[in-house]
Amino acid sequence: MSRDKKLEENKKSDTLDKFLNFILTKNYAKYLTFIVILGAILRYLVVKNISFLGDEMVHGPHAINIWGSGLISTLVESPTWFYLTDIAYKIFGVTIFSSRFLSFFYGTLTILLVYLLAKKIFNKKVALLSAAFISVSAYHIRYSLMEMDISLAFFLLFAAYTFIKYFKENKVQYLYLTGLLLGTGVLIKTITAFFVPVFIIFYFILGKKDFSKKNIARYIIFGLIMFMF
């Protein structure tokens, strides 16, 4: 047997061993991977097949070639969703899938995000169960439409995750990232702004009313990041 053939067979054997270990070993990564894939498939089926709703007939066409329009906003909603959807149009063409791509993409990522958030607050078992629930949630899947709500929910949950990490690990970059995510959420849909006071209130509650110069400086920078948006 030639040396190249031997290497190829060893490579195939290693790949098979890794696959079998993944299937047979009791680890959370295996189950989470299955849950995320299942959620992606369910969302894809909805995105490709469900009929249009009224709002979609407004939002979808407005996003077509918005990059070439010179607009920095719209009269209907915040601008970012339209610009990101137009990128999907340019990649996939103007189709049902591309018009709902952001909801499919952020909806699938939300499954993973819910796992990370629940793991941070509770434990791995609760996190896995939470991810499974959101993966098959009929409400969450049905909202995989040409609308901003799924994208908005993703950025809010992501902001909550980085906010909690800031207080658990005391790394200021997580606080600034929270401001960035909230600001992005506002640019996806303005209703995000109503959640900002909740973060501010909990900032002082979890910070135990720490009004030191360092803490106030962090708070000001956090506010400036959101204000820029």
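Biologist: At what angle do helix α9 and helix α11 pack, and how far apart are their axes?

Modeller: Start with the general idea. Two packed helices are described by the angle between their axes and the distance between the axes. This model is predicted. Here α9 (residues 149–169) and α11 (residues 196–206) pack at about 15°, with axes 11 Å apart. Angles under 35 degrees count as roughly parallel, so α9 is roughly parallel to α11. Their crossing is right-handed.

Biologist: Which residues make the contact of α9 and α11?

Modeller: From α9 come L156, A159, A160, F163, Y166 and F167. From α11 come F199, F202, Y203 and L206. By class, that is 10 nonpolar, no polar and no charged.

Biologist: At what angle do α9 and α10 pack?

Modeller: The angle is about 165°, and the axes lie 8 Å apart. That makes α9 roughly antiparallel to α10. The crossing is left-handed. Among the α9 residues that meet α10 are S151, L152, F155 and K165. Their partners in α10 include V172, L175, T178 and L182. This contact has 14 nonpolar, 5 polar and 2 charged residues.

Biologist: Which residues of α9 are buried?

Modeller: An α-helix has 3.6 residues a turn, so residues three or four places apart point the same way. In α9, the buried residues include L152, F155, L156, A159, F163 and Y166. The cover over the buried residues includes α4, α6, α8, α10, α11 and α12.

Biologist: How many residues has α9, and what is its reach?

Modeller: α9 has 21 residues and reaches 30 Å from first C-alpha to last, close to the 30 Å expected at 1.5 Å a residue. Just after α9, N170 takes a positive phi of about 55°.

Note on methods:
Residues numbered from 1 in each chain as written. Predicted model: local features only at pLDDT ≥ 70, side-chain atom pairs only at ≥ 80, totals over all residues. Heavy atoms only, no water. Axes fitted to C-alpha atoms, helices over the stretch in contact; angles between N-to-C directions. Helix = DSSP H or I, 4+ residues; strand = E, 2+ residues; numbered from the N terminus. Parallel < 35°, antiparallel > 145°, perpendicular 65-115°, else oblique. Left-handed = near helix turned anticlockwise from the far one by under 90°. Contact = heavy atoms within 4.5 Å. Nonpolar A, V, L, I, M, F, W, Y, C, P; charged D, E, K, R; others polar. Expected span 1.5 Å × (residues − 1). Buried < 20%, exposed > 50% of the residue type's maximum accessible area, 1.4 Å probe, protein only.
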